[in-house]
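Student: I'd like to take a close look at one part of this model with you. Could you walk me through it slowly, and then show me how the rest fits around it?

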Amino acid sequence: MTSPEADVLDRAKPPPAPALIALSGVAKTFTARNGSAVRALDGVDLEIRPGEFVSIVGPSGCGKSTLLRMVAGLDPCEEGTLVLDGRAVAGPSGDVGVVFQAANLLPWLNVRENVRLPLRVGGRRAAEPARIDALLGMAGLGEFGAKYPYQLSGGMQQRVGICRALARDPRILLMDEPFGALDALTRERMNAELQRIWQTSGKTVLLITHSISEAIFLADRVVVMSARPGRVLRELAVPIPRPRSFDTIVSHPAYAALACEVRGLLSAEGGIE
Amino acid sequence: MSGASMQQGASAATLAATPARRRRRFAEVRGSLIAAGGMLVLLALWEGSVRFLHTPSYILPTPGSVVHALWSGLAVSPASPVGYYRPLWGTFHNAALGFVLGSLLGLVLGSLMAESRVIEKLLMPYAFALQCLPKIAIAPLVVIWFGFGDGSKIAIAAMLTFFSLLINSFTGLRATEPERIDLMRSLSASRFEIYRIVKLPNAASFIFAGLDMAVVYALLGTIVAEFLGAQNGMGVVITQAQSVNDVAGVFAALVILGALGIALHALMHRLERRVVHWADRGTN
Ligand SMILES: Nc1ncnc2c1ncn2[C@@H]1O[C@H](COP(=O)(O)OP(=O)(O)OP(=O)(O)O)[C@@H](O)[C@H]1O
Ligand SMILES: [Mg+2]
């Protein structure tokens, strides 16, 4: 099942701990009603260790969202193997938090109810008001619990979306371009916040982004994907100590080299956007 | 003035005196004055043309005689067998019962059709065929089945309401954004949880649009059933007035029905504002 290219890929680090998420030869073909087929993913091999922060960058349409949806159990994995915590993924597991592009809040629920949603569906009946308060406080939304999504700015909505993904305290956080709609400054602030959350919680994070600087700033490892059909082109370790800040990271020698390499890989694949 | 801005106005009385608000109030008052003025002119033209053209009163009564008929129908004890109160209550009662029954049935079946492809495939052909049929034409058949009592009125009102709700709830439930369903699936929510927490609120505006139409349909159905034969109801008031060429009486009954329709419509609108409070404020 493994594609021949897998051997020539330069692995950044051999995984010491057993992988929490393991993809091997994962492929996906969408077949339209008229029979025409789109090969979205083609032999993706990727291992993510517990507590690791991995960013994925790749040209538009290369199958990043498809990959994330399969890890989340929203789309079935029909080719290759996709293992999560030692078990093949067969559907959404309660232990994975997903942060969607464009907050995806329910407009008829207020902020607190949106964040509480994961605690009251899927066979859960937990009240846990203290936990919700703590999450909202951490995201700087303490006073906004009773507000409705339309009363919040885009950045605040996105923070609510992140709080919601954290409500069940999942081991794994999957994020699909969560900050794409935000202005540069808000985005950097959210990145710093996400880094802090990740450092204090020890979660495993898989982040899809179009921003090279965001990918490097947050990740232990940046995964660069090829143009469609998507494969893993290269994995690059980010040897920059934490906590990182946007002010100092740009002057780190590894940063410029990494950014340059990622940019080179992507432009060879036809650009990032 | 919208219900939502009224709610906000109540909580923020300090805002009431801002120039923008005052201007808006002024515009509203002026708008009402224009409408009232136009109506007075229309009534005057009506009265004048009937008098000067000597239109016979069994063709077009004067506004004055309509007001007189209205007054004689309203200035009686609510319990009296003559006057509007008893027939009005009868019509309202049957229309309301039919409305509630039809809405519930329409919502339940619309939901089942939206949730299950099998039920959709099974029922959609009939729903579509009946949708294209002028359903009021079934009324005589319903009278044969349910008789001349309240049953046929309720049944016809329910039938018309049912179709309006069936189509609208089905469409609204199917229009749910897939991202929202993905969210619920990622939380391993049950099908019923997805329905209750996402799809139903998502369809609320569609459902209210259906209810809004259905209010008028329920009244329409009840009146038509009363035309076909009844002991009590505004339809009976109209046919009785018609049988003695009391055109002013017919007009007066129509005014009463119009007022009832407007009141129910306004009630539904307020209810919608309250329930679907997040709508029209832009989604995220
Ligand atoms: N449900 C679907 N049916 C058919 N084709 C699909 C479907 N979902 C995705 N595709 C196709 O698969 C390919 C990969 O899509 P995907 O959304 O995963 O890309 P992406 O890398 O997330 O792109 P972007 O960076 O623009 O978000 C695209 O060519 C898309 O057209
Ligand atoms: Mg995408």
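This is a predicted model: local features need pLDDT of at least 70, side-chain atom pairs count only at pLDDT 80 or more; totals for chains, interfaces and linings use all residues.

Student: By class, how many nonpolar, polar and charged residues does the lining of the largest pocket have?

Tutor: By class, the lining of the largest pocket has 8 nonpolar, 8 polar and 2 charged residues. The pocket itself has a volume of about 370 Å³. Its lining is made up of 18 residues, and those closest to the centre are B:Gly83, B:Tyr84, B:Pro87, B:Val237 and B:Gln240. Three helices of chain B each give two or more residues to this lining: H3 (63-74), H4 (85-115) and H10 (234-243). Of the elements, H10(B) gives the most, with 4 residues.

Along its principal axes, the C-alpha trace of chain B spans about 75 × 60 × 35 Å.

Now let's turn to where chain B meets chain A. Here 22 residues of chain B are in contact with 28 residues of chain A. Between them the two chains bury about 2200 Å², with 59% of that on carbon and sulfur atoms. For polar links, the count between chain B and chain A is 6 residue pairs in polar contact, both residues being at pLDDT 80 or more. On the side of chain B that touches chain A, helix H8 (178-186) and helix H9 (191-227) are the elements that give two or more residues. H8(B) supplies the largest share of that side, 7 residues. Sorted by class, that side of chain B has 8 nonpolar, 7 polar and 7 charged residues. The rule finds 1 salt bridge across the interface, and in it the side chains of B:Asp182 and A:Arg69 meet at 2.6 Å, N to O.

Of the 13 residues that line the largest cavity, A:Gly97, A:Val98, A:Arg164, A:Ala165 and B:Leu187 are the closest to its centre. Strand E6 (96-99) and helix H5 (154-166) of chain A, together with H8 of chain B, each give two or more residues to this lining. The largest share, 3 residues, comes from E6(A). By class, the lining of the largest cavity divides into 8 nonpolar, 3 polar and 2 charged residues.

In the loop between H5 and strand E7 (172-176) of chain A sits A:Asp169, which has a positive phi of about 55° although it is not a glycine. Two peptide bonds also deserve a look. The one from A:Arg228 to A:Pro229 is cis, with omega near 0°, and A:Pro229 lies in the loop between strand E9 (221-225) and strand E10 (232-237) of chain A. The peptide bond from A:Arg242 to A:Pro243 is cis too, with omega near -5°; A:Pro243 lies in the loop between E10 and helix H8 (246-249) of chain A.

Methods. Residues are numbered from 1 along each chain as its sequence is written. Chains are lettered from A and ligands numbered from 1 in the order in which they are written. Side-chain values use heavy atoms; hydrogens and water are left out. On a 1 Å grid over the protein atoms alone, a cavity is a set of points where a 1.4 Å probe fits but cannot get out, and a pocket is an open set with protein on both sides within 12 Å along at least five of seven lines; lining residues have an atom within 4 Å of a point. Grid points are joined across faces, edges and corners, and a volume is the space filled by probe spheres set on the points. Ala, Val, Leu, Ile, Met, Phe, Trp, Tyr, Cys and Pro count as nonpolar, Asp, Glu, Lys and Arg as charged, and the others, Gly among them, as polar. Contact means heavy atoms within 4.5 Å. Buried area is the accessible area (1.4 Å probe) that two parts lose on being put together, summed over both. A salt bridge is a side-chain nitrogen of Lys or Arg within 4 Å of a carboxyl oxygen of Asp or Glu. A polar contact is a pair of N or O atoms within 3.5 Å; within protein, one must be able to donate a hydrogen and the other to accept it, and residues adjacent in sequence count only if both atoms are side-chain atoms.
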